[in-house]
Number of protein chains: 2
Amino acid sequence: MKYPNNLKKIVIKNTNHSNRGMSLEYDLNITNDYYRIKDIAIIYKKPTPIKIVKVDFDKIKSATITQAFFECPSTTDYNGIYKGKYIDFEAKEVKDKTSFSLSNIHNHQIDHLFKVLDHGGISFIIVRFCKINKTFVLQSECLKSFINLDKSKSISLEYFEEFGILIDEAYTPRLNYIKVIDNLYFGGKL
Amino acid sequence: MKYPNNLKKIVIKNTNHSNRGMSLEYDLNITNDYYRIKDIAIIYKKPTPIKIVKVDFDKIKSATITQAFFECPSTTDYNGIYKGKYIDFEAKEVKDKTSFSLSNIHNHQIDHLFKVLDHGGISFIIVRFCKINKTFVLQSECLKSFINLDKSKSISLEYFEEFGILIDEAYTPRLNYIKVIDNLYFGGKL
C-alpha cells in the first residue's frame with residue numbers, strides 16, 4: 001500500500017493502528033510465495049475488503065475508484081490448503097512486550113477460527129511480539145481453552161511460550177509456520 | 001458494489017464486462033450465507049482486489065481512499081471448507097446460449113484450480129448460461145480433460161450437459177451447489 005509522502009506523518013499518528021503488522025504481513029507473503037513456488041502449500045492473504053462509493057468511468061478500459069473506505073473483514077486474513085487440509089489463520093504484530101490483547105482480533109474472526117475447527121479444518125493465530133522478535137503459532141484449540149478458562153482480555157507471553165510454538169525465522173522461507181503445522185498435524189516430515 | 005446513478009449507463013457500455021455475473025454472485029452469496037447459518041459449510045467470496053493509490057487521512061478515525069484501481073485477482077473468487085475438505089471455485093455467467101468461452105477465466109485462475117486438485121482439495125467452476133437459466137458445476141478434473149483433449153477455446157453447452165452437473169435452484173438455498181459436491185465426493189447424504 002503506497003501512501004503519498006506528505007501523509008506519512010499522519011499515518012504514523014493515526015490511532016486506528018491499521019498500519020501495524022505490515023512487516024509480519026510482508027514476511028508471511030514472501031513465505032507463502034515460497035510455499036507456492038516449491039509446491040508445498042497454496043495459501044494466500046485475502047484482499048483488504050473495501051467499500052466502493054464512487055467510480056469514475058471516464059477512461060473506458062480502466063475505471064478509477066474515487067471514493068472508497070476500508071471495511072471490517074468478515075473472516076481472517078489468510079486461508080488455503082496444505083496436504084489436502086483446509087488452513088485458516090489470522091496474523092497480528094504486537095508492540096506490548098508481555099501480552100497480546102484479544103482486542104486485536106474481532107470477535108467474529110475468533111468465531112470464524114472456531115467454526116473452521118468444528119468443520120475439520122486447521123486454524124490458528126500467528127502472533128509476533130515485535131520488541132522481542134518472537135513469532136508464535138497458537139492453535140485455535142489453545143485459544144479456545146484460554147477464552148473458556150481465563151476471563152482476562154490478554155494472553156500473556158508466558159501462555160504463548162507454554163502453549164504456542166515458536167516459528168523458525170530464516171532467509172528462506174522467512175517464517176516457516178508450515179513446519180509447525182506439519183509437526184502438529186502431520187507427523188513432522190516436512 | 002454501488003455505483004452512482006448517473007454512471008449506470010456508462011457501466012453498461014463498459015467493455016471490460018466487470019459487471020457480468022452480479023446475479024450469479026448474488027445467488028451464491030445468499031447460498032453461502034445459508035450454508036453458514038445452517039452450519040453446513042463455511043465458504044466466502046473473497047473481496048475484490050483493489051490497488052490503492054491515494055488515501056486521505058483528514059478524518060482521524062476513517063481514512064478515505066481517493067484514488068484506487070481494480071486489480072486482476074490472483075486466485076479464484078470463492079473458497080472455504082466443507083466436511084473438512086478445502087473447497088475452491090470460480091463462478092461465471094455467460095450470455096452465449098451454446099458455449100462458454102475459456103477467455104472468461106484467466107489462465108492463472110485455471111492453474112490455481114488444478115493446483116488445488118493436486119494438493120488434495122476440491123475445485124470446480126460454476127457456469128450459468130443466462131439465456132436458458134441453467135447453472136452447472138464442472139469439476140476441475142473435467143475442465144482439465146477438456147483442455148488436454150480439446151484444442152478449442154470454448155466449452156460447448158453439450159459438454160456441460162454431459163460432464164457437468166446441473167445445480168438445483170430453489171428459494172432456499174438458492175443455488176444448492178454443495179448438494180452436487182456432496183453427491184460427487186461424499187456419497188450424497190446431504
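Modeller: In this predicted model, a residue is called buried when its relative accessible area is under 20%, exposed when that area is over 50%, and partly exposed in between.

Biologist: With that in mind, is A:Arg36 buried or exposed?

Modeller: The side chain of A:Arg36 meets that of A:Asp33 in a salt bridge, and A:Asp33, at 33% relative accessibility, counts as partly exposed. For A:Arg36 the relative accessibility is 19%, and because buried means under 20%, A:Arg36 counts as buried.

Biologist: By about how much of the helix are A:Asp33 and A:Arg36 separated?

Modeller: Both residues belong to helix α2 of chain A, which covers residues 22–37. Because A:Asp33 and A:Arg36 are 3 residues apart in that helix, their separation is about one helical turn.

Biologist: In chain B, what is the N to O distance in the salt bridge between B:Asp33 and B:Arg36?

Modeller: These two residues also lie 3 residues apart in helix α2 of their chain, with B:Asp33 partly exposed at 33% and B:Arg36 buried at 19%. Their side chains meet in a salt bridge whose N to O distance is 2.5 Å.

Biologist: How many residues apart are B:Asp27 and B:Arg174?

Modeller: The side chains of B:Asp27 and B:Arg174 meet in a salt bridge at 3.1 Å, N to O. This pair links distant parts of the chain, since B:Asp27 lies in helix α2 and B:Arg174 in the loop between β10 (165–166) and α6 (177–185), and the separation is 147 residues.

Biologist: Turning to the aromatic rings, is the pair of B:Phe89 and B:Phe124 stacked or edge-to-face?

Modeller: B:Phe89 in strand β5 and B:Phe124 in strand β7 are 35 residues apart and link distant parts of chain B. Each is buried, with a relative accessible area of 0% for B:Phe89 and of 0% for B:Phe124. The ring centres lie 4.8 Å apart with 10° between the planes, and because planes under 30 degrees apart count as stacked, the pair is stacked.

Biologist: Which residue has its charged end over the ring of B:Phe114?

Modeller: In chain A, A:Lys144 lies over the face of A:Phe114, at 5.3 Å from the ring centre. In chain B, the charged end that sits over the ring of B:Phe114, 5.3 Å from its centre, belongs to B:Lys144.

How values were computed: Residues are numbered from 1 along each chain as its sequence is written. Chains are lettered from A and ligands numbered from 1 in the order in which they are written. This is a predicted model: local features need pLDDT of at least 70, side-chain atom pairs count only at pLDDT 80 or more; totals for chains, interfaces and linings use all residues. Side-chain values use heavy atoms; hydrogens and water are left out. Rings of Phe, Tyr and Trp (its six-membered ring) pair if their centres lie within 6.5 Å; planes under 30 degrees apart count as stacked, over 60 as edge-to-face and the rest as tilted. Helices (H or I, at least four residues) and strands (E, at least two) are DSSP runs, numbered from the N terminus. Buried means under 20% relative accessible area, exposed over 50%, partly exposed in between (1.4 Å probe, protein chains only). A charge sits over a ring if NZ of Lys or CZ of Arg is within 6 Å of the ring centre and within 35 degrees of the ring normal. A salt bridge is a side-chain nitrogen of Lys or Arg within 4 Å of a carboxyl oxygen of Asp or Glu.
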